[in-house]
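Here are my notes for your first read-through. Keep the sequence and the 3D view side by side as you go.

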Amino acid sequence: MFYIVVFLGGLLLTLLWVYPVRRLAFALGGVANPGGRSIHKEPTPMLGGIAIYMACLMIGVSLLLWKGMPWLRIDPLKLLGLFLGATFLLFVGILDDIVALRVRWKLLGQLISACIPAIFGFNIHAVQIPMVGSIHLGALGWLLFVVWVLAITNAVNLSDGMDGLASVVCFFAAIGNAIIALTIGNFFIAFFSFMLAGCMLGFLFHNFPPAKIFLGDTGSMLLGFLLAVTVIESNTQKRSTTLLVLAPLLLLCFSLLDVLLSVVRRFLRGKPIFSSDLGHIHHRLMSRFRNPRRVLLVVGMFSFFMMVVSLVTHFHSVIHPVVLAAVLFCAGLVTVFFVRLLGYFRIDRIRYVLETREDVKFFTSLLGYLRYSLPKRNSFEALVQELDWVCQALRPHKVVVMDHSFNVVYSYTGEKREGLDDSTYHEEMSDSFLSVKWSNSTQNEDPTTCDVRLMFRELFGLFSQHWKRLSLFFDEQSSSSLEEVPTVSSTEATLAVTLGGASRSSGSSSLDS
C-alpha cells in the first residue's frame, strides 16, 4: 500500500507542477520553436524536468520529516549525494534549454554531476555475469560508475526525440528497477523508483502526442542520471557489493541500443559522434508507421519485454541455466528482429552511406568554418560573398536571395542533373528568412540517408540567421547608414534557397545591386 501511495503521489504532483513550469518556460525563453528536426507545429515549452524534480523533492523531504518508517533504511550520505548531483544537473539542463550550451560544457556539467554521488559513496566494487562469474574491479569501480552514469544520462537524452518517448522508456525502466530493489530488500530504492515511475506517468499526461510540454535536456538528463544511479544501487546484492551486470543493461536496452546504433551510424558516415541526424530509432519507426502514438506503442512493447527479461536475469540463481540461456537467446532474437525491422541491415543503404562519406565529411568541415566566419561578417556584401563561394563549392541546383519586394539580390544556378525534372525538386520552409528546395531520389527520402539534406538546411540556416542579425543591426542605424549597403534594398530581406543536392556540375552566380 505504501508504494502505491508513493506512486500516486509522484503522479499527482508532477501532473500539477507542469502547469506553473509551462508558464516559467515561456517566461525564461525555454521554448522549442517549430522547424529543423522538430515535427511540432507550435512553440512548445521545455523545462519539463523541473516538474519531475519538484515532485521528487517534495515527496523526499516529506519522507525525511516523517520518521515513522525506519525500515526504509535510508543512507543519509548517499541520499545527499543523489540530491546534490541531480540538482547540479538540473541547472545544467535549464541553461542548455534556454541558451543551448556547447557540447563540451554540457559534458563537463554531466561529468561533475556523475562524480558527486561517487564522492558520497556510490560505487561498483564488482560485476557478476550470469554463467560466467564475478569480476572484482577494485579502484576501477569508481571510474566505471562515473562512465556508467555519463553513458545512461546521454543515452536517455539522445532518445528523447519524440513526444512521450523518454517518458515511456523511463517508466518501464523505473518499474523494473523498483521490483528488483524490492526482491533484495533495498526498500529506499524501491520507494524512489516507484515514485519516479509515478512522475513519468503524470508527465506523460502532458507529454503524450501532441505534447503540451517537452522534457527538454532539463528532464531527459535528469531522468537518465536518476535511473543510472538507482539502477546500480538496486542491482547490488543485499549481502555483497556485486553488481548483476545484465539486469541494468536490459532495463535500459532501448536507450543503449539507440546510442550504439547512433555511434556506429555516425562513424560510418564520417560525422561527429555528437552531431544530429534523423536516423534514430524513433525516426525510423516514424517513417514506417507514420503515427507517433503507434511508435510509442511499439517502443512500449519493446521496453516492457526487456523489463521482463531483466527480471528473469536478476533471478538467475533460482532459474535453470538452460532456461536462462533460452530467455537470453529469445531476447537477442527480438533485438535483432527489431533492428532489422528498422532497416539498419540493408546492404544498399550501407553502400550508399559509405559512398557519400567523403561528401558528409566535407559538409561537416564547411559548417565548422561557417560557424566561425559568419559572425565576423558585418555587411550584407561580405555575407553574400561568403554565400557565393559556398555555392561555387557545393554546386547546388539553385540559390536565390530576395528582398522584401522579391527583387533578386543574389542568384546561383547550377546545371540540371541528368534524369531529374522539376517534379523531383522538393521545397522546404524553415523560417521567414529561408526557403530550401533540392533534388531528392526515392532512396534519399529515407531518414537514414538524409545527412546531406540536414546539412544543407543547417548551412543555409546559418546564412539566414546572420542575414537577420544584420537586418536588425541596420534597423537601429540611421537611413544614411543603410544606404551604404548596396546589396539589399530592405532590412527585411529574405533568403530563399533552392538546392538540388551536391552535384558536381558547374554553375553561374550573379549579384544584383
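Is aspartate 217 buried or exposed? Start there, and keep in mind that this is a predicted model.

1. **Aspartate 217.** Its relative accessible area is 16%. Buried means under 20%, so aspartate 217 counts as buried. You will find aspartate 217 in helix α8, which covers residues 216-234.

2. **What surrounds aspartate 217.** Leave aside residues up to four places away in sequence; aspartate 217 then touches Gly93, Asp96, Asp97, Lys106, Asn157 and Leu222. With asparagine 157 there is a polar contact between the side chains, at 2.7 Å.

3. **Helix α3.** This helix has 24 residues, 76-99.

4. **Alanine 100.** Look just after α3. Alanine 100 has a positive phi of about 55° there, and alanine 100 is not a glycine. Its place is the loop between α3 and α4, the latter being residues 103-119. Alanine 100 has 55% relative accessibility and therefore counts as exposed.

5. **Leucine 47.** Here is another positive phi in a residue other than glycine, near 65°. Leucine 47 sits in the loop between β2 (44-45) and α2. Is leucine 47 buried or exposed? Its relative accessible area is 0%, so leucine 47 is buried.

6. **Helices α6 and α7.** Find α6 at residues 165-183 and α7 at residues 187-207. Their axes come within 8 Å and cross at roughly 160°. The cut-off for roughly antiparallel is over 145 degrees, so α6 and α7 are roughly antiparallel to each other. The crossing is left-handed. Residues of α6 in this contact include Val168, Phe171, Ala174, Ile175, Ala178 and Leu182. On the α7 side, the contact residues include Ile189, Ala190, Phe194, Ala197, Leu201 and Leu204.

7. An α-helix has 3.6 residues a turn, so residues three or four places apart point the same way.

8. **Helices α2 and α7.** Helix α2 covers residues 49-65. It packs with α7 at an angle of about 145°, and the axes are 10 Å apart. From α2, the contact uses Ile52, Ala55, Cys56, Ile59 and Leu63. From α7, it uses Phe191, Met195, Leu196, Cys199, Met200 and Phe203. Which hand does the crossing of α2 and α7 have? It is right-handed.

9. **Proline 210.** Go to the loop between α7 and α8, where proline 210 has its place. The peptide bond joining proline 209 and proline 210 is cis. Its omega is about -5°.

10. **Helix α16.** Residues 380-394 form this helix of 15 residues. Its reach from first C-alpha to last is 21 Å, close to the 21 Å expected at 1.5 Å a residue. Buried residues of α16 include Phe380, Leu383, Val384, Leu387, Val390, Cys391 and Leu394. Just after α16, arginine 395 takes a positive phi of about 50°.

Notes. Residues are numbered from 1 along each chain as its sequence is written. This is a predicted model: local features need pLDDT of at least 70, side-chain atom pairs count only at pLDDT 80 or more; totals for chains, interfaces and linings use all residues. Side-chain values use heavy atoms; hydrogens and water are left out. Helices (H or I, at least four residues) and strands (E, at least two) are DSSP runs, numbered from the N terminus. The expected span of a helix is 1.5 Å times one less than its number of residues. Buried means under 20% relative accessible area, exposed over 50%, partly exposed in between (1.4 Å probe, protein chains only). A polar contact is a pair of N or O atoms within 3.5 Å; within protein, one must be able to donate a hydrogen and the other to accept it, and residues adjacent in sequence count only if both atoms are side-chain atoms. Contact means heavy atoms within 4.5 Å. Axes are lines fitted to C-alpha atoms, for helices over the stretch in contact, and angles run from 0 to 180 degrees between N-to-C directions. Angles under 35 degrees count as roughly parallel, over 145 as roughly antiparallel, 65 to 115 as roughly perpendicular and the rest as oblique. A crossing is left-handed if the near helix is turned anticlockwise from the far one by less than a right angle, and right-handed if clockwise.
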